[in-house]
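The sequence and structure follow.

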Amino acid sequence: MDLPNMIDFIDWRIHFFDFAILSALQVDRFGNINTVVVGDHARPKVRGPGTVGISALCGLAKRFYIVLTRHERSAFVPRVDFICGAGHLEGGDSRERAGLPAGGPKLVVSPLGVFDFEPVSKAMRVRSLHPGVTVDEVRSATGFELVVNGTPPTTVMPTEHELMLLRTRVDTRRTLKRKFS
Amino acid sequence: MSKLTTIDEAVADIADGSSVGLGGWIFYGQPMALVRALIRKGARNLDLVPTPGSIAPDMLIGAGCARSTVCVFISFEQFGLAPHFRRRAEAGTLKVIDLDGPAIAGGLRAAICDLASPFFDAMLAQASRRIIVSVDRIVSSETIRRNNHLIKLPSVMVDAVVEAPWGAHPTASPGLYRADERHLKEYVKASVSDETFGAYLQKYVHTAGAQAAYLDLLGGSRLAGLSVSESTLT
């Protein structure tokens with residue numbers, strides 16, 4: 001069957017992805033993400049690449065993870081300028097009330113730490129901070145109030161074995177190393 | 001009546017203000033020979049409907065041929081954001097209609113099935129009134145019959161055929177040649193200013209003219225280096 005025809009026959013609730021990993025121009029307090037525009041859609045400050053399949057991935061995958069390569073107020077915003085990937089929408093049970101399957105964003109990974117979402121309010125919460133990063137530092141780099149419970153633990157660093165696999169089996173053409181080192 | 005025509009004849013009666021679909025898939029099968037012909041002809045006010053794309057919509061936008069574009073995804077991936085798409089959208093001089101839907105999710109499934117082929121093309125063709133096909137080569141009917149599972153568009157859907165070897169360059173044509181990363185980088189670099197982009201267009205679009213001269217400009221060793229040995233045809 002031709003793929004465009006196949007789309008009509010797929011039951012996304014059964015056959016969709018277990019998880020997705022996404023990046024974005026902006027992420028907000030409830031894990032909604034934006035790859036379309038920063039600012040006004042008609043005259044944006046930054047024009048991004050578009051929605052691609054992000055709405056389907058965030059809406060329908062069983063869960064998703066957000067990876068940002070910068071942690072600044074312009075990336076961690078109170079409310080994304082354009083929702084192309086639905087996270088917990090307005091927080092609480094708003095995602096389910098909008099008719100989307102439960103799941104949504106599980107973790108956000110940034111250069112400063114790892115974040116999850118408080119189970120009831122669904123607001124972003126500090127899960128761990130990378131070695132040497134303080135709570136004040138992450139607060140001042142974030143455009144909204146992060147939930148912080150006590151003293152967050154330090155992020156567990158990848159093992160030598162994991163690094164070896166990443167460097168020799170995954171990033172075989174050293175694309176990631178060149179881009180991020 | 002033969003559907004075979006030349007690149008410039010194929011685009012000659014595309015009127016300014018037309019809605020133009022562009023096939024391919026990001027760095028695969030972008031109809032670049034036709035894009036360069038549209039720029040040479042000085043097309044204006046086109047409304048673009050690209051499948052997920054890169055240099056095809058971006059070059060038309062940069063050359064001032066488009067007034068609007070549908071956007072599922074327009075990007076240069078590892079080389080950055082699409083320079084002219086970005087600039088014109090941010091200046092408010094390009095209308096952008098963002099689209100998404102189950103079709104795009106289907107595209108992701110296709111990518112996972114390792115079908116990086118431009119599979120939206122059949123849909124695009126069904127949605128268009130006039131279909132111009134740019135092909136790398138024309139083969140015998142016997143070859144087509146032997147490989148009928150590879151047919152993407154039946155002939156009844158096609159209005160004009162242009163034989164343009166390496167017509168997707170600098171993007172890839174699966175089974176024939178890889179994407180020319182060096183050229184894509186050169187394009188992104190040339191797009192930093194109107195002056196440098198003007199020089200790029202002058203060199204590769206206006207002066208080069210027809211596809212043969214474009215290929216001569218790139219050079220035989222460059223093209224040979226991009227060739228792949230395996231073919232989908234038996």
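## Basis

The model is predicted. What covers the buried residues of α2(B) includes α1 (7-12), α3 (55-62), β6 (132-135), β7 (160-163), α9 (194-207) and α10 (211-218) of chain B.

## Helix α2(B)

Helix α2 of chain B spans residues 32-40, and eight of its nine residues are buried. The buried residues are M32(B), A33(B), L34(B), V35(B), R36(B), A37(B), L38(B) and I39(B). After the helix comes G42(B), with a positive phi near 75 degrees.

## Packing of α2(B) on α9(B)

The axes of α2(B) and α9(B) lie 9 Å apart, and the two helices pack at an angle of about 100 degrees. This angle makes α2(B) roughly perpendicular to α9(B).

On the α2(B) side, R36(B), I39(B) and R40(B) take part in the contact; they meet L201(B), V205(B) and H206(B) of α9(B). By class, the contact has three nonpolar, one polar and two charged residues.

## The four-stranded sheet

Four strands of chain B form an open sheet in the order β2-β3-β4-β5, with parallel pairing. β2 (19-22) and β5 (95-98) of chain B are the edge strands; each has a single partner strand, so one side of each has no neighbour in the sheet. On average, neighbouring strands are turned by 20 degrees against each other, direction ignored.

β2(B) and β3(B), the latter covering residues 46-50, run parallel and are joined by four bridges. Here L22(B) stands opposite P50(B) in β3(B). α3(B) packs on the sheet, touching β2, β3 and β4 (66-71) of chain B, and its direction makes about 165 degrees with that of β3(B).

Notes:
Residues are numbered from 1 along each chain as its sequence is written. Chains are lettered from A and ligands numbered from 1 in the order in which they are written. This is a predicted model: local features need pLDDT of at least 70, side-chain atom pairs count only at pLDDT 80 or more; totals for chains, interfaces and linings use all residues. A residue is buried if 20 or more other C-beta atoms lie within 10 Å of its own, exposed if 12 or fewer, and partly exposed in between; C-beta atoms are placed from the backbone. Two residues are in contact if their C-beta atoms, placed from the backbone, lie within 7 Å. Axes are lines fitted to C-alpha atoms, for helices over the stretch in contact, and angles run from 0 to 180 degrees between N-to-C directions. Angles under 35 degrees count as roughly parallel, over 145 as roughly antiparallel, 65 to 115 as roughly perpendicular and the rest as oblique. Ala, Val, Leu, Ile, Met, Phe, Trp, Tyr, Cys and Pro count as nonpolar, Asp, Glu, Lys and Arg as charged, and the others, Gly among them, as polar. Two strands pair if DSSP finds at least two bridges between them.
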